[in-house]
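Hi,

Here is the structure I promised to pass on.

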Amino acid sequence: MRVRSVIASLTVAVVLAAVVQPAFAAENLVRLNDLIAYPASRSGETVVFEGEAIGQALRQPDGHVFVNVLDDGTAVGVYMTDQQSSGIIGYGGYKQIGTIVRVSGELNVACAQHGGDFDVHAAGVSVIEQPTARETEPLGLRLMLAPIALALGIGQFFLYRRLRSHRHLF
Ligand SMILES: [Zn+2]
């Protein structure tokens, strides 16, 4: 009986943890549109956000890189170590969506170390999703190419038939 109630309360605890944990994590995420509006008084706060690594890593002389992270049209420079950036295998551009990362770090509304820029000094960088191809081919182009593909197919069919009939001749 006692074992059973222990198991029951453990089950409740596990279920609660599973339900509460993701909600808690999601609430902590800040959108970059909100972040860039933070007043200078919030410098030094730890912030957590997600976004796409875009452009390219800008190498710094001190073994760090700056990675631009984009979320809903707003990009923020994230200062991180080479090690922290090692999971970012692709940067977003015309052809691909870059690695999606979750960054936690210290907010600097006017960073004294980096010329008064707005940036985030990463404490942790984790990969949420690796790069995927961006759908860049416009629909119009595909519609234009379709008849060409069809014509090529028909042409091949007739060529094949001609070759076959020639073979019958010999
Ligand atoms: Zn900085």
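**Strand 3 and its partners**

In strand 6, Tyr79 has His121 as its bridge partner. That link belongs to the parallel pairing of strand 3 with strand 6 (residues 117-129), which runs over three bridges. Tyr79 also stands opposite Phe66. There, strand 2 (residues 64-71) and strand 3 (residues 74-81) run antiparallel, joined by eight bridges. Two residues lie between the strands of this hairpin, and Asp72 takes a positive phi near 50°. By pairing I mean that DSSP finds at least two bridges between two strands.

A word on what you're looking at: this is a predicted model, where local features need pLDDT of at least 70 and side-chain atom pairs count only at pLDDT 80 or more, while totals for chains, interfaces and linings use all residues. Residues are numbered from 1 along each chain as its sequence is written.

Strand 6 has another partner too: strand 5 (residues 100-111) runs antiparallel to strand 6, with 10 bridges. Cys111 stands opposite Asp117 there.

Put together, five strands form a closed barrel in the order 1-2-3-6-5, with mixed pairing.

Zooming out, the protein chain has four helices and seven strands; these are DSSP runs numbered from the N terminus, helices being H or I of at least four residues and strands E of at least two. From the N terminus on, the order is α-α-β-β-β-α-β-β-β-β-α. Of the 170 residues, 16% are buried, meaning 20 or more other C-beta atoms, placed from the backbone, lie within 10 Å of a residue's own.

Cheers

Technical notes
A residue is buried if 20 or more other C-beta atoms lie within 10 Å of its own, exposed if 12 or fewer, and partly exposed in between; C-beta atoms are placed from the backbone.
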